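Subject: Structure for your files

Hello,

Here is the structure I said I would send. My notes on it follow below.

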Amino acid sequence: MNEWIQDDGTLPILVAQDLGHRFDRPGSTDGHWALRDASLALYPGEVLAIVGESGSGKSTLLRTLAGRLTPTQGRVLYRERSGRVVDVHACAERERRVLARTEWGFVEQHAHEGLRMAVSAGANIGERLMGRGERHYGRLRETAERWMARVELDTARIDDVPRAFSGGMRQRLQIARNLVTCPRLVLMDEPTSGLDVSVQARLLDLIRLLVGRLHLSAIVVTHDLGVARLLAHRTLVMRQGRIVEQGLTDRVFDDPQHPYTQLLVASVVNA
Amino acid sequence: MTTTMTTTDTPPPVLSVEAASKRFTLHLRDGLQLPVLQDVSLQVRSGECLALVGPSGRGKSTLLKCLHGSYGLESGALWLTHADGRRVDLARAAPRTVLALRRREIGYVSQFLRALPRQSALDLVAERLLEADPSPPQPDADPLDDGPHEAALGAARAQAGALLARLNLPEGLWGLPPATFSGGEQQRVNIARGFAVPARLLLLDEPTASLDAGNRRVVIELIREAKARGSAIVGIFHDEEVRDAVADRRYHFH
């Protein structure tokens, strides 16, 4: 991890080295490489956007970074709060689960994959705290209410199940559920796509506010360059499983070098 | 050795541009090459304002964008010397370094305001102040307690408001996002952002283009105050009156 130390001595919180992932086709010896030679480092307080079209490998990269998908090649290193460095895919499943519950958050594109749809909003938020040993009902409920208010959800709906919530409200609930244990690293997979434009805008403003206020490090996968422009310090462009360009977000969009990035930027209005 | 350290009397320039060149390669136009900067070398000292002059399309704005980091450089170097004498090549600095420099050491007034959507004019300026002076993250702070942030924001808003008032932006507009403002109003928000934080290096791209005479005079005062504080300034001023009032030297783009 040492070759990633910055001039100012800052240590990265997450490093990926030469990640590759091959999906094997049944009955075939050669597979399809969804991800090739991906290397990156994320520093404390930094927001990194991964952009590219569908099938470019951006979600595969995110899921590999999150420890959910085992890479065919390469490794992912994470620096814990304590300073200890963990090889995310070499450690025990149990350790990975503890990390996912305590140090990381993961916001799914489809809220129903990140929420328990049949239990109340309050219980959704309280789950990680209970996993950490909190049992006092009053305290759990009070924390859940405060987090609902933080993500601008009506606290009167604490006993409602997420099924009764709109798409935008479900994403807010998912965010509260993730942030309640104060993770250091939050991974988000298309957190605003599929929502109405006005709902999307308010959710983006909320994510931007929380990431800044809580000093989170974050990686956001998005196909929307506007989302990257708004949230990310750095942007990484993927195409056909490879990272084709990465750098300061405004430089990637204002002075794109790779032909594919130029095409991407030219394809949107006011990116 | 008898050499006396006379160099201590003349500190190194804040900015030293060495043989900067850049061209755009348009891959969507069969790889068409557009040379935009060719072998530019210049220096700017603390308290000095250098005016970039020359016909449009010769790379004046491009140089400012390279210094700000939103454009990359093809060859050459852009040395920024810190107050303590260390120096950094802006053309090769890591993204994190560029962002840290933008927060505290480099001010930029772009030709057009590019603001976060939905944010009020006042907060666009206040946020610039907060970013320059972030309270260090408290590991055990309550993530739900907005008290400390609100206090810092209140102070920053007061400072931002004073600057907007000085630039004669009607107070009724402060709480609104500038997207619907006139060109001159947007430009004044942009100027307030650029001057809010005392910068070691200040980049000004036509800061008075759409301002009336009264506000031009305010900008001239702001530039003179920045020089007096020791900022090194690189500017593009098509307005000759403004240029004559603030520039110490000129660099000609041919």
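In this predicted model, the contact between the two chains takes 26 residues from chain A and 18 residues from chain B. On the chain B side, helix α2 (residues 95-104) of chain B gives the largest share, 5 residues. By type, the residues of chain B that touch chain A are 10 nonpolar, 6 polar and 2 charged.

Sheets of chain A

One open sheet of chain A has 4 strands in the order β2-β1-β4-β5, with antiparallel pairing. Its edges are β2 (32-42) and β5 (85-87) of chain A; each has a single partner strand, so one side of each is left without a neighbour in the sheet. On average, and ignoring direction, neighbouring strands here are turned by 20° against each other. Within this sheet, strand β1 (residues 14-23) of chain A is joined to β2(A) by 7 bridges, and the two run antiparallel. If you want a place to start looking, Val15(A) stands opposite Ala41(A) in β2(A). Helix α1 (residues 58-65) of chain A packs on the sheet and touches β1, β2 and β4 (73-79) of chain A. The direction of α1(A) makes about 120° with that of β1(A).

A further open sheet of chain A has 6 strands in the order β6-β7-β8-β3-β9-β10, and its pairing is mixed. Here β6 and β10 (242-248) of chain A stand at the edges; each has a single partner strand, so one side of each lacks a neighbour in the sheet. From one strand to the next, the twist averages 15°. β7(A) and strand β8 (residues 217-222) of chain A run parallel and are joined by 5 bridges, and Leu185(A) stands opposite Ser217(A) in β8(A). Helix α1(A) packs on this sheet, where it touches β3 (47-51), β7, β8 and β9 (234-239) of chain A. Its direction makes about 150° with that of β8(A).

Strand pairs of chain B

In chain B, strand β1 (residues 15-26) and strand β4 (residues 75-81) pair in the antiparallel sense over 5 bridges. Ser21(B) has Ser75(B) in β4(B) as its bridge partner. β4(B) also pairs with strand β5 (residues 87-89) of chain B, in the antiparallel sense and over 3 bridges; there Thr81(B) stands opposite Arg87(B). The hairpin of β4(B) and β5(B) has 5 residues between the strands, and in it Gly85(B) takes a positive phi near 95°.

Two buried helices

Helix α6 (residues 167-179) of chain A has 13 residues, which at 1.5 Å a residue should span 18 Å; its end C-alpha atoms are 19 Å apart, which agrees. Among the buried residues are Arg170(A), Arg172(A), Leu173(A) and Ile175(A). Their cover includes β6 (104-107), α3 (111-114), α4 (121-131), α5 (137-150), β7 (185-189) and α7 (197-213) of chain A.

In chain B, helix α5 (residues 183-196) has 14 residues and reaches 20 Å from its first C-alpha to its last, close to the 20 Å expected at 1.5 Å a residue. This helix is mostly covered, with 12 of its 14 residues buried, including Glu185(B), Arg188(B), Val189(B) and Phe195(B). The buried residues of α5(B) pack against β6 (106-109), α3 (121-132), α4 (147-166) and α6 (213-228) of chain B.

Core and one glycine

In soluble globular proteins, nonpolar side chains tend to be buried together. In this model the largest nonpolar core has 131 residues. Those with the most contacts inside the core are Ile50(A), Leu187(A), Val220(A), Leu231(A), Val125(B), Ala160(B) and Ala192(B). Beyond its neighbours within four places in sequence, Leu231(A) is in contact with Val47(A), Ala49(A), Leu204(A), Ile207(A), Arg208(A) and Val220(A).

Finally, Gly59(B) is in the loop between β3 (49-53) and α1 (60-68) of chain B. Gly59(B) counts as buried because 21 other C-beta atoms lie within 10 Å, and the cut-off is 20 or more. Leaving aside neighbours within four places in sequence, Gly59(B) is in contact with Val36(B), Leu37(B) and Phe253(B).

Regards

Terms used: Residues numbered from 1 in each chain as written. Chains lettered and ligands numbered in written order. Predicted model: local features only at pLDDT ≥ 70, side-chain atom pairs only at ≥ 80, totals over all residues. Contact = placed C-beta atoms within 7 Å. Nonpolar A, V, L, I, M, F, W, Y, C, P; charged D, E, K, R; others polar. Pairing = 2+ DSSP bridges. Axes fitted to C-alpha atoms, helices over the stretch in contact; angles between N-to-C directions. Core = buried A, V, L, I, M, F, W, Y, C linked by C-beta atoms within 7 Å. Expected span 1.5 Å × (residues − 1).
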